[in-house]
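Me: I have a structure open and would like to go through it with you. Could you take my questions one at a time?

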Amino acid sequence: MPKFVECIHSSTTSQKMTYEVELRRSTRRSLAALEREHRQLIYRRLSADNDNECHVGVKMFPEKGRGVVALRDFEKGQFVLEYAGELINIARAKERERKYSLDPSTGCYMYYFNYNDLNYCIDATKQSNRPSRLVNHSRIQPNLQTKLITFQGQPRLILLARVKIKRGSELLFDYGDRSKSSIAAHPWLAQ
Ligand SMILES: C[S@@+](CC[C@H](N)C(=O)[O-])C[C@H]1O[C@@H](n2cnc3c(N)ncnc32)[C@H](O)[C@@H]1O
């Protein structure tokens, strides 16, 4: 049985992507000031622990189930959402994966990553009102990229616009699972 099944795995490629905030230069504010504002906005959103100001909505897609759509335009590089869930170490994550696999209806919404040479997981399996757990996958045309940041001494995973995103578009990021067995079991991973 492939490990992926319904799990999100970290995309090393997307994590390596350069963080480029393409904020439009204003004649009155420097790029540095705009970047500072953007950083402050991210910290406010991470402090809020909710997505009330994130301008996204949940929609059903025939072949994918629930997905997340943009309710406004986003510029390339702009913060869109936090991948919100419980931060756990790898041992606990493996234990939970085993437990979740016993009940296929549970689904599994786990994002694995390396931070300061240690492996962690953000487990978003538990139902919540945070829409990021419902963002679907695209390998070919993802419009979000993941980025790990440190906030109050803890790693937090944020989703930034990889390209300009038009209002109404489905939000997609690359789950990063390239294993042959996973793709054979879930051909959509190749798309
Ligand atoms: C993290 S969940 C995303 C939310 C999910 N659609 C839902 O309704 O709960 C991951 C699951 O969504 C589905 N999925 C994600 N991306 C997909 C895609 N591009 N095509 C088909 N199904 C997809 C798969 O069932 C996958 O296991």
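This is a predicted model: local features need pLDDT of at least 70, side-chain atom pairs count only at pLDDT 80 or more; totals for chains, interfaces and linings use all residues.

Me: Let me start with H2. How many residues has helix H2, and what does it reach from its first C-alpha to its last?

Reply: Helix H2 covers residues 31–48, which is 18 residues. From its first C-alpha to its last it reaches 26 Å, close to the 26 Å expected at 1.5 Å a residue.

Me: And is H2 largely in the open or largely buried?

Reply: H2 lies largely in the open, because the number of buried residues among its 18 is one.

Me: What comes just after H2?

Reply: Aspartate 49 follows, with a positive phi of about 55 degrees, although aspartate 49 is not a glycine. Most residues other than glycine have a negative phi. Aspartate 49 is found in the loop between H2 and strand E1 (56–61).

Me: Is aspartate 49 buried or exposed?

Reply: Aspartate 49 counts as exposed, because it has 9 C-beta neighbours inside 10 Å and the cut-off for exposed is 12 or fewer.

Me: New topic: the sheet. In what order do strands E3, E8 and E9 come?

Reply: The three strands form an open sheet in the order E3-E9-E8, with antiparallel pairing. Strand E3 (79–82) and strand E8 (144–151) are the edge strands, each pairing on one side only. On average, neighbouring strands of this sheet are turned by 35 degrees against each other, direction ignored.

Me: Which strands does H2 touch there?

Reply: H2 packs on the sheet and touches E3, E8 and E9. The direction of H2 makes about 25 degrees with that of E3.

Me: How many bridges join E3 to E9?

Reply: Three bridges join E3 to strand E9 (residues 154–161). Glutamate 82 stands opposite isoleucine 158 in E9.

Me: Now the hairpin. How many residues lie between E5 and E6?

Reply: Two residues lie between E5 and E6 in the hairpin. Six bridges join strand E5 (residues 110–115) to strand E6 (residues 118–123), and the two run antiparallel. In the turn, asparagine 116 has a positive phi of about 50 degrees. Asparagine 116 is exposed, with 8 other C-beta atoms within 10 Å.

Note on methods
Residues are numbered from 1 along each chain as its sequence is written. Helices (H or I, at least four residues) and strands (E, at least two) are DSSP runs, numbered from the N terminus. The expected span of a helix is 1.5 Å times one less than its number of residues. A residue is buried if 20 or more other C-beta atoms lie within 10 Å of its own, exposed if 12 or fewer, and partly exposed in between; C-beta atoms are placed from the backbone. Two strands pair if DSSP finds at least two bridges between them. Axes are lines fitted to C-alpha atoms, for helices over the stretch in contact, and angles run from 0 to 180 degrees between N-to-C directions. Two residues are in contact if their C-beta atoms, placed from the backbone, lie within 7 Å.
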